[in-house]
Amino acid sequence: MTQASRDEFWDASKAALMYLVVLGHAIQIIVGEGFFSHPLFKAIYLFHLPVFFFISGYFAYSSILKRGRSALGRAALRLLTPVFTIGSCEAIMYIVYQHSFSWSSFLGCYVLCWFLWCLFACHILGHVAALFTHPIWKTICFLVPIAPCILFPNSIPYANYLSYAWFFFALGIFAKSRNFNSGHINRNWLWAIFPACLMFIFFKDDWYIYLCPQRGPLESAGIALFRFIAALFSGAFFLALMHQCAAWLRIAKIGSATLGIFILQSFACAYASKLEYPDFCTQTWFICGVSLLVFLIAYYIYVLTKRLPLVGFLLYGNLPTNESTSARKHL
């Protein structure tokens, strides 16, 4: 898809969401213990991941219809190649710096980018759901991954992540199949801020998807339901806000580079987590400023390096386009 044919609203939304990803990671690293209680962190994590998965599912729908199984292969190369590249770098660092070795820690290097793993799992589930045409079977395909993850989160690896991701990814697929588009979003959606604020007030620190304490099935289901509802209202408010300001923000071009920015900022976070920070660094203005700097540096590094064949594929999962292939033939 060329930049001219892309929907600038969605790209601008993705760019804003990616900045929030960087900001959330900066809060974790700089604030340290207690970052779950940080008001800005709580506000970000009410909606930014769900909206990301919603947009991913929204655009995956067309790819599934047009390319079929080949779209799944492309998704695997695009998402998993960076995972194995980053995991291999982490594994090498682990072997070099650790005096003792364990297979669990070594293999754990390859599951750090849970976001990309869950996104690929959602693509698989989306292709499975596309095999069925009857509404009942489609509903079953939707519920089967979610129900056990919600009811038994302590028994299924990454259960909280997968149920959260798939719900909104499938919602994006459903929205696109019903011809929903950015034109349906308007300022009336801004009223979602009121229920979103209520959700923010009642949200507890141990309800994040990253935390999975021992709970009964009913309590786990209730917390999951609260997370879903909170994400729907706060996500709707975010999209309405982007509808009002996306044009003058002029960040749509950055939205096409979110995967590259995510990968590069992951390396930055790995290094930054080993540093110690003075007290003034915990100020919100400082964290926001540093996050913006990292966000922009990662974008420009991606722009400069994405066309390098080895780097572009191994680090960013960029697949060669027909245009680049034909260009190489003429050289």
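Guide: An axis here is a line fitted to C-alpha atoms, for helices over the stretch in contact, and angles between N-to-C directions run from 0 to 180 degrees. The model is predicted, so local features need pLDDT of at least 70 and side-chain atom pairs pLDDT 80 or more, while totals for chains, interfaces and linings use all residues. Residues are numbered from 1 along each chain as its sequence is written, and side-chain values use heavy atoms, without hydrogens and water.

Consider helix α3 (residues 48–67) and helix α6 (residues 114–130), whose axes lie 10 Å apart at an angle of about 40°; helices are DSSP runs (H or I, at least four residues) numbered from the N terminus.

Where they meet, α3 contributes L49, F52, F53, S56, A60 and I64. Their partners in α6 are W114, F115, C118, L119, C122, H123, G126, H127 and A130, contact meaning heavy atoms within 4.5 Å.

Among these residues, F53 touches W114, F115, C118, L119 and C122. F53 also touches A165, F168 and F169, when residues up to four places away in sequence are not counted.

Of its 89 residues, W10, F53 and F115 touch the most other members. Helix α1 (residues 8–31) supplies the largest share of this core, 15 residues. A second, separate core has five residues, including Y94, F106, C109 and Y110.

Terms used:
Core = buried A, V, L, I, M, F, W, Y, C linked by side-chain atoms within 4.5 Å. Buried < 20%, exposed > 50% of the residue type's maximum accessible area, 1.4 Å probe, protein only. Helix = DSSP H or I, 4+ residues; strand = E, 2+ residues; numbered from the N terminus.
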